[in-house]
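Thanks, everyone, for making time this morning. I would like to walk through one structure with you, chain by chain, and then look at where two of the chains touch.

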Amino acid sequence: MRLGPFILRRLAISIFVLFGLSILIFLIARVVPGDPARMALGPRAPVDVVERLRQQMYLDKPLLQQYGLWLRDVVTHGNLGDSLLTRRPVKQDIREFFPATLELVGLTAIFIIIAGISLGVISARYANTWVDKVVRLFSYLGIVTPAFAWAVILMLLFCFVWHLFPSYGRLTEGVMPPVTITGMYTVDSLLNGRLDLFWDAVVHLILPAIALALPPMSQAARLTRSSMADNQNKDYIASMIAYGVPNRVVTGKYLLKPSLISPITVMALDIAATFGYAFMVEKVFGFPGLARYGIQVMLNKDVNAIVGVVMVLGVVFITLNIVVDIIVAYLDPRIRLLGRSV
Amino acid sequence: MTTEGMLTSSSLKNPWGRTLYSLKRTWYKFSRNWLSVLGLVIVVTIVFLAVFAPYVAPYPQHAGKFVDFKGKNQPPSWQHLMGTDTIGRDILSRIIFAFRNALLMAIVVLAVSVPLGTLTGLTAGYYSGTWTDTVIMRVTDVFISIPPIILALSIAAVLKPTLMNSMIAVTVSWWPWYTRMTYSLASSIKNEYYVQAAELTGASKIYILFHEILPNCSSSLFTKMALDVGWVTLVGAALSFVGLGEQPPKPALGTMIAEGVERMPAQWWIALFPALAIMFVVLGFNLFGDGIRDALSPEEA
Amino acid sequence: MSETLLDIKNLHVWFKVYGGVLKVLNGVNFNVKFGEKVGLVGEAGCGKTTTMKALLRVLPNLALIPEGDIFVRGKNILKLNSRELADLRGRGLSMIFQDPTSALNPVFTIGQQLYDIIKYSAGSSGQKVANKKNVALSALYEARLPDAERMLDSYPIQLSGGMRQRVCIAFAIATARDLLIADEPTTNLDVTIQDQVLRLIRDLVEKKGASLILITHSLGLAREITERVYVMYAGNMIEMAATSLLFKKPFHPYTQGLLSSVPRLSGGGFAEGIPGRIPDYRNPPPGCRFEPRCQYAFEPCSKAMPPYINVGDGHQVACYLYQDVQGDRKNA
């Protein structure tokens, strides 16, 4: 099938998955022992106040109906209820914290893609020379060191030993954030025309992004290299060389394209996983993002907020999956045409 | 007719000789890379430390309820090779005991998720294209669309924070990856001639699944399992970093790092050593897993 | 000799593997004249493809050439610099591989791959090739592929096996080349297609005046298409003759065994195979490599590889059985 129907099919499946996810998280949230309304109001609230809140939260209705009502609220108003912790609508919390993490993961993704593929190609091009060995050693260390370990190491080195980078927050203390358009300080400051703010925001993002990017980047480099090494001996490469196509063209075009398929898939998974590891790095760097918020609400059994965070993340991942599927389908016509790889 | 089939030395005529030969050859392939051997050494060290923790750790009692405010926040010294934490406990000993829990978690998680994932993957792969396949894989998709760490966090967050619950959480997030891997392997293997031959001769489905298809997945499976020990430890540390999982005063690598982060940079050793310890575990199992992959992979013609 | 296009002399190729070295090619001598159609016959694993890959200089990384030379149009190609090599590849040689599916890059269209081949066929002279599309279309047309325009935009996955092989042939003939190497071009195809593809190859080679090396394990094919045949066994050329001569009177015990193992339509019972297997390349026999399987083996056979012996009319055999025939000259 062609690209169009392929995308539609993926979308349809994704919506199904999204439903499944919402059911899953809804059930988990409702199954939590304890009465959410009671927990929200505290042990000393009078019974009738608790009862009123329970009604508001549809807790007295059968489970299926609860789900339906909750779903309706979410879809029509984007109303995810109020956070027990911050006492604000969850929607507002998310709107404040999500862009921060999005920025962070975005910069991380850029690092991963650019550095990962470049290192992999370099490593493959100079295979078995010292260049290759150095890159492989470095990428190995990158893979086995978890992001938060890098965060600790990087912070020690670059914030305290050499005072190059700030170690806390999204902006320097006392600096006003740019006018909110997207919520992402980097983008907004550019849109505002404030280069100084842009630089400040970036500087606060660099270390956490590097920490998060190192393991997946190393993985991508390794995969690209091994993918290229595997395809190097294929007949179609030998054929091109035998026909006189120059090495740089063969490597840069005919070897690279089929070799990128598996690294890109893995990179996408890793970028999605970064949202998870982001919380640890956010905690180390005091970065107020969704991940940190998510952890706090989870620890506090803030049911609405938990559901909200998980759903937002679910949408992000599913979107990411679709984007990757599209990219891979573009790269590999076999998938596009057959619906599967060979 | 490859040259591999030509070995006619008498050692191969009996089954023991063959086993010994293939073991020797596997070891040869494994040990060709010194890194894999290093991985093996690290893995053995970790296992040894975990198993014999009470006898090996310099201050085994520090791993439990222990408080010594006089000795708190000591930097690394000869008495405490990795220093002490905020309530005076020896960090090295706590790390050794933390390895125990880490390995335990890895074993439990893998012991459940590998069989579960493999079975579902095999079934879905063998019956690929039918309803069985669709149902199994769609369910798996729901789990897979979320990175394991996030799923594990979510589940652990809504349950009471104990070691058992965090193990459950990680297991639930882990098994779909085995399903997916086995699924893609099984669905391509099932088209191989030897499988079709087995079907034609009337072998039962169970036989085909376990004697024809599964052995051909085994090298990928073992490699992934070895690597996963490291990754499960990592996810477990992430969980305990946040306070899910093993509760204080029992030592857990993630908890120790969390405590240490608060004290940065002044008492840097409290965060750094547990972080290095996790690196050590992940590194060891990664090198080991890579070695297993090299050792089990078929040779090029 | 000016009419010799290709001359391989005493070529040794080793592969580094687990536990040692595979000494696959053991002093191969092979030559092809301009416009000649030569067959290379041998069983699976005897080194035919390795020889060709060495010729094209596309051996895998773990291969090494400890000894031997390959001359193309008089130049030793093992010693070429990259510019000269580019020239050679752009104009000299082309190869059709055994498995057309793996010979075509799955993520590029036929057109994209063909254009690049045409573009770079000028070698180091950097000349622009005018009108690549026309050249491409005519190549596809000559390879008897239907709907050439659409073919250019198709991906290999969309084509059948026979069509893919024809595309590979189109690649080979798209630009003028002196030598076409066809490595078991029809093995993976249906019987009905095999005939078409072979005829196509033969017709094109004759039309363009190019030389052909046809590698096959099928004696019948070699007999039909070629003028001269080499028989290869375990890394050595053990017999070479004009095709008709070889089939009429094979000299080497191995060739005799091969021919007698072909079942005859005219009856006569079951064919006999040749007992034994090809040797272990890690520890090959020190003398003639066929010696362990040879029913006529005698004293000199296990000592050293026999030289080529001319048994008349350009027919050469590497076998001690004939060492008294016309003296033992090792031939170039």
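Of the 342 residues in chain A, 44% are buried, where buried is taken as having 20 or more other C-beta atoms, placed from the backbone, within 10 Å of a residue's own. Please keep in mind that this is a predicted model, in which local features need pLDDT of at least 70 and side-chain atom pairs count only at pLDDT 80 or more, while totals for chains, interfaces and linings use all residues. Residues are numbered from 1 along each chain as its sequence is written, and chains are lettered from A and ligands numbered from 1 in the order in which they are written.

Staying with chain A, the model has 14 helices and zero strands there; helices are DSSP runs of H or I with at least four residues, strands are runs of E with at least two, and both are numbered from the N terminus. Among the contacts in chain A with a separation of 6 or more, 71% join residues 24 or more positions apart, a contact being two residues whose C-beta atoms, placed from the backbone, lie within 7 Å.

Let me turn to chain C. Eight of its strands form an open sheet with mixed pairing, in the order β6-β7-β8-β3-β9-β10-β12-β11, and two strands count as paired if DSSP finds at least two bridges between them. Because β6 (93-96) and β11 (309-310) of chain C stand at the edges with a single partner strand each, one side of each is left without a neighbour in the sheet. Strand β3 (residues 37-41) of chain C runs parallel to strand β8 (residues 211-216) of chain C, and five bridges link them; within that pairing, C:Val38 is opposite C:Ile213 of β8(C).

How confident is the predictor here? On pLDDT, its confidence in each residue from 0 to 100, chain C has a mean of 82, with 91% of its residues at 70 or more. Over residues 327-332 of chain C, pLDDT stays under 50. Where pLDDT is low, the predicted coordinates should not be read in detail.

Finally, the interface: 22 residues of chain A are in contact with 27 residues of chain C. On the chain A side, the largest share, six residues, comes from α10(A). For the complex, the predictor gives an ipTM of 0.78 and a pTM of 0.76.

Notes
A residue is buried if 20 or more other C-beta atoms lie within 10 Å of its own, exposed if 12 or fewer, and partly exposed in between; C-beta atoms are placed from the backbone. pLDDT is the predictor's confidence in each residue, from 0 to 100.
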